[in-house]
Amino acid sequence: PINKPKIELPKPRQVVKRAIPLQAPAVVAPKSAVRPTADVAPSSALAIVDGAKSTDFFVQHIVLSSKAQASPYIKRYPGLNQAFVLPITAGSAMSYAVVSGPFTSRLTATNFTKGYGLPADYWIRASPALGAAAKRN
């Protein structure tokens, strides 16, 4: 008989993958570091919108039927910690928009929406358009 060499098959080896820590993208802060919180007076929110340049943009996150709904909504999303509540007129009804900004460009506003802890839905609004929707006494 012929002696055949014994062929050993490679043994399966266990591959351990290292976890790569996730890093959230940096949140682009609005122009001013000081922003009113959800329970500021409507006149302060109007002052922010009225003080913005006509070339600025805002991110409108949601429109709610009551101001009381805004605070829990803002607390649910860490990225809204500098958002403010703007009274707006939607049709004939008074509503409350949760808004971030102003931002110096549409691109900056868009980049902000990609940050950590923000709601998925939003509307980027030019400063004049948001100002026109704002409820004034």
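How exposed is Tyr-77, given as relative accessible area? Tyr-77 is partly exposed, at 23%. Buried means under 20% relative accessible area, exposed over 50%, and partly exposed in between (1.4 Å probe, protein chains only).

This is a predicted model, in which local features need pLDDT of at least 70, side-chain atom pairs count only at pLDDT 80 or more, and totals for chains, interfaces and linings use all residues. Residues are numbered from 1 along each chain as its sequence is written, and side-chain values use heavy atoms, with hydrogens and water left out.

**View 1. Gln-60 is a buried residue, at 6% relative accessibility.** Gln-60 sits in strand 1 (residues 57-64). Strands (E, at least two residues) are DSSP runs, numbered from the N terminus. The side chains of Gln-60 and Arg-125 make a polar contact at 2.8 Å. A polar contact is a pair of N or O atoms within 3.5 Å; within protein, one must be able to donate a hydrogen and the other to accept it, and residues adjacent in sequence count only if both atoms are side-chain atoms.

**View 2. Arg-125 lies over the face of Trp-123.** The distance to the ring centre is 4.0 Å. A charge sits over a ring if NZ of Lys or CZ of Arg is within 6 Å of the ring centre and within 35 degrees of the ring normal.

**View 3. The structure holds three aromatic pairs.** Phe-58 and Phe-84 pair edge-to-face, 6.3 Å centre to centre, with 85° between the planes. Rings of Phe, Tyr and Trp (its six-membered ring) pair if their centres lie within 6.5 Å; planes under 30 degrees apart count as stacked, over 60 as edge-to-face and the rest as tilted. Phe-84 is buried at 0% relative accessibility.

Key: Helices (H or I, at least four residues) and strands (E, at least two) are DSSP runs, numbered from the N terminus.
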